[in-house]
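Work through the exercises below with the structure in view. Each task is followed by a solution in steps.

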Amino acid sequence: FGYGEDFVRGKLGSTRLPRLQPGQGTTALCLDAAAQLVADGADLAGAGLVVVCTQNPDGHGIPHTSARVQAALGLGEDCACFDLSLG
């Protein structure tokens with residue numbers, strides 16, 4: 001659209017659009033993002049909240065995707081989680 005990479009990165013924070021592979025779900029994308037956070041030095045052990053914003057939840061939304069992410073990351077039951085639906 002004629003916009004440079006710096007403009008797009010400034011507005012969106014990224015110039016990359018992750019796409020699901022066949023058979024892959026939203027939870028997998030969230031876990032990839034969490035792995036990147038850890039690679040960048042984040043310590044998820046003390047996480048107190050997981051929020052997933054999507055219009056494509058896994059399993060028709062039950063259990064909600066953030067709960068799947070919370071469990072997959074091994075976060076404790078004291079870590080709150082919820083989804084924000086874009087639909």
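**Exercise 1. Decide whether the sulfur of Cys 81 is close enough to another cysteine sulfur for a bond.**

Step 1. In this predicted model, the closest cysteine sulfur to that of Cys 81 belongs to Cys 79, at 6.5 Å.
Step 2. A disulfide requires two cysteine sulfur atoms within 2.5 Å, so 6.5 Å is too far for a bond.
Step 3. Cys 30 is in no disulfide either; the sulfur nearest to its own, that of Cys 53, is 10 Å away.
Step 4. By this rule, the count of disulfides is zero.

**Exercise 2. Classify Cys 81 and Thr 26 as buried, partly exposed or exposed.**

Step 1. Buried means under 20% relative accessible area, and exposed means over 50%.
Step 2. Cys 81 has 21% relative accessibility, so it counts as partly exposed.
Step 3. Thr 26 has 9%, so it counts as buried.

**Exercise 3. Check the span of helix H2 and find where its buried residues lie.**

Step 1. Helix H2 covers residues 26-39, which makes 14 residues.
Step 2. The expected span is 1.5 Å times one less than the number of residues, and for H2 this should be 20 Å.
Step 3. The end C-alpha atoms of H2 are 20 Å apart, which agrees.
Step 4. The buried residues of H2 are Thr 26, Thr 27, Cys 30 and Ala 34.
Step 5. Viewed down the helix axis, these buried residues fall within an arc of 100°, so they line one face of H2.
Step 6. Their cover includes strand E1 (49-54) and helix H3 (65-72).
Step 7. After H2 comes Gly 41, with a positive phi near 105°.

**Exercise 4. Which residues does Thr 26 contact, leaving aside neighbours within four places in sequence?**

Step 1. Thr 26 lies in helix H2.
Step 2. With those neighbours left aside, Thr 26 is in contact with Leu 20, Thr 54, Asn 56, Asp 58 and Thr 65.
Step 3. Thr 26 and Val 69 are 43 residues apart in sequence, while their C-alpha atoms are 9.4 Å apart in space.

**Exercise 5. Where in the chain is confidence lowest, and where is it highest?**

Step 1. The chain has a mean pLDDT of 90, and 99% of its residues reach 70 or more.
Step 2. Confidence is lowest in helix H1 (residues 5-12), with a mean of 88, and highest in H3, with 96.

Note on methods: Residues numbered from 1 in each chain as written. Predicted model: local features only at pLDDT ≥ 70, side-chain atom pairs only at ≥ 80, totals over all residues. Heavy atoms only, no water. Helix = DSSP H or I, 4+ residues; strand = E, 2+ residues; numbered from the N terminus. Buried < 20%, exposed > 50% of the residue type's maximum accessible area, 1.4 Å probe, protein only. Arc of directions from axis to C-beta. Contact = heavy atoms within 4.5 Å. pLDDT = per-residue confidence, 0-100.
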